Amino acid sequence: MEHAVLTGLVLLVGVAVALIAQWRDWRPSLTVAVLLGVAVRAVIYFASADDAFQPVDYEESFRPAGEAVLNREDPVLGSEGGWHFLPTIPYMYGILLWLGLPWEYAGRLVTVVADIALIPLVAKLAGGARANLRALQYALNPLALLVAAHHGQVEPVALAFGVAAFVVARGPGSPERTGFTLPVMDRVRLYGAAEAPNRAWAWVKRSLRPLPDDRATLKRGMLAGLLMGLALCAKSWPIWLIPGMLLLLPTMRARIVSLLFTGAVPVFFLVTLPIFAGTAFHQIPEVIREIKNIRPIVGEWGWTPWITGGDWALIPWAAQLGTYLIYASVLVVIYLWRKADPIDMTIAILLIFMVVTPRLGAQYLMWFMPFLIARPTRFAWPAILAVSAWSAYGYLYMTQLAVDPWWYAHRDWSRFSIVILPLLVMAMPWGRRDPQSQRPVQAPGVSPALSGTT
């Protein structure tokens with residue numbers, strides 16, 4: 001990696017500018033934020049594409065998927081099993097390769113463009129007087145630069161569609177949402193168990209009753225669902241964004257429509273494989289099985305490296321236990337943040353996922369970045385800096401090592417990640433669980449510009 005030092009310097013300068021902007025409360029125009037984001041991504045993009053070193057998955061998973069589409073082969077079955085998602089992004093790869101763009105540039109172009117689109121989307125998600133400051137801070141986010149422009153991983157594509165779905169669901173000029181209530185539990189408490197079913201059914205009927213502006217609301221729900229469906233076509237993890245998106249919509253009818261369209265888009269890309277990718281109809285069940293076939297490799301992050309000694313390992317019981325922990329933790333988070341703004345609930349869901357998950361790639365840590373930067377908490381920046389530094393060590397330093405030294409470094413690197421978990425817990429929006437108690441979060445003796453509030 002001839003350009004690792006250059007990439008590292010760009011990241012450090014970007015972090016410094018982002019922190020100074022927070023301290024000085026800079027509010028540049030959105031155009032300035034976007035242009036700066038384009039500039040830093042262009043430097044890393046060209047440096048990484050020109051490097052003799054190319055990441056293993058970029059060469060052995062992403063590239064075969066794009067070439068399979070170019071050759072009218074199924075990107076899942078025709079790329080030696082290296083692609084485990086729907087073919088949306090391989091279609092983009094295939095088009096760029098067909099246009100004659102070298103792979104080193106083609107694969108990263110998809111993710112860099114998506115990451116640039118996220119800059120104004122973060123501003124829209126943040127809203128308020130500091131929207132452009134948040135856009136600037138995302139434009140300089142070190143992990144986003146590494147994932148999108150250096151490694152070419154596809155998280156920014158999923159995030160661009162997912163964040164856009166949130167922006168559409170919230171609507172122009174919409175007031176901040178305040179979560180939801182659990183109608184059956186409320187009715188049991190207020191009226192007793194006997195009356196609860198009738199009261200809950202009456203609540204459902206009222207929720208489904210058309211409103212005067214129902215058509216516009218349903219259109220919002222449909223478009224938000226289409227965007228979230230495209231996010232799911234890029235990767236499977238945006239399923240964790242769906243609850244927040246649905247709660248941003250004002251009516252139950254709009255939520256139902258949105259959910260239907262969210263599911264319809266992945267189904268469309270699946271059933272059209274024979275048309276666009278040359279997949280035989282009888283192979284579609286095999287494609288579904290391959291997409292679902294995720295091996296229980298643990299030992300990269302959090303608590304599992306302390307079981308494996310810092311090495312990768314196939315441990316089904318640890319993967320299964322971690323999966324149960326994820327589901328249980330997400331349910332607890334949804335309950336605790338049931339009255340909060342749905343964006344805050346989403347931040348909490350994504351952060352708790354990172355805390356309890358048994359398996360993780362550094363790119364997963366991108367999931368919460370746009371949301372946490374748009375709506376920062378008191379410990380947002382300590383968490384952002386910690387995960388960015390941990391990831392940069394893996395992306396830039398460890399890739400300089402030979403195979404055996406890499407494995408030795410990996411043992412310490414993966415086990416050290418457990419130190420970051422408390423920061424992620426502290427970065428959750430604890431002070432914004434109840435809209436009645438939402439006040440600017442400010443540390444004693446710290447000015448509002450440094451407090452991380454919007």
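The accessible surface of the chain, computed by the Shrake-Rupley method with a 1.4 Å probe, comes to about 19900 Å², and 67% of that area belongs to carbon and sulfur atoms. The model is a predicted one, in which local features need pLDDT of at least 70 and side-chain atom pairs count only at pLDDT 80 or more, while totals for chains, interfaces and linings use all residues. Residues are numbered from 1 along each chain as its sequence is written, and side-chain values use heavy atoms, with hydrogens and water left out.

The secondary structure consists of 22 helices and 2 strands, taken as DSSP runs numbered from the N terminus (helices H or I, at least four residues; strands E, at least two). Of the 454 residues in the chain, 53% are buried, that is, under 20% relative accessible area with a 1.4 Å probe, protein chains only. Where contacts (heavy atoms within 4.5 Å) join residues at least 6 apart in sequence, 76% of them link residues at least 24 apart.

Two helix pairs are set out below, with axes fitted to C-alpha atoms over the stretch in contact and angles running from 0 to 180 degrees between N-to-C directions.

| Helix pair | Axes come within | Crossing angle |
|---|---|---|
| Helix 2 (residues 30-49) and helix 6 (residues 131-139) | 9 Å | roughly 0° |
| Helix 8 (residues 155-170) and helix 11 (residues 214-234) | 8 Å | roughly 165° |

Helix 8 and helix 11 are therefore roughly antiparallel to each other (angles over 145 degrees), and helix 8 passes helix 11 in a left-handed crossing, meaning that the near helix is turned anticlockwise from the far one by less than a right angle. Their contact includes V157, F161 and R170 of helix 8 and R220, L223 and M228 of helix 11; its residues divide into 15 nonpolar, 1 polar and 2 charged, where Ala, Val, Leu, Ile, Met, Phe, Trp, Tyr, Cys and Pro count as nonpolar, Asp, Glu, Lys and Arg as charged, and the others, Gly among them, as polar.

Helix 4 (residues 88-98) is largely enclosed by the rest of the structure, because 8 of its 11 residues are buried. The buried residues of helix 4 are T88, I89, P90, Y91, Y93, G94, L96 and L97, and they pack against helix 3 (56-70), helix 5 (103-126), helix 8, helix 11, helix 13 (252-271) and helix 14 (273-276). Helix 4 is followed by G100, which has a positive phi near 95°.

Terms used. Angles under 35 degrees count as roughly parallel, over 145 as roughly antiparallel, 65 to 115 as roughly perpendicular and the rest as oblique. Buried means under 20% relative accessible area, exposed over 50%, partly exposed in between (1.4 Å probe, protein chains only).
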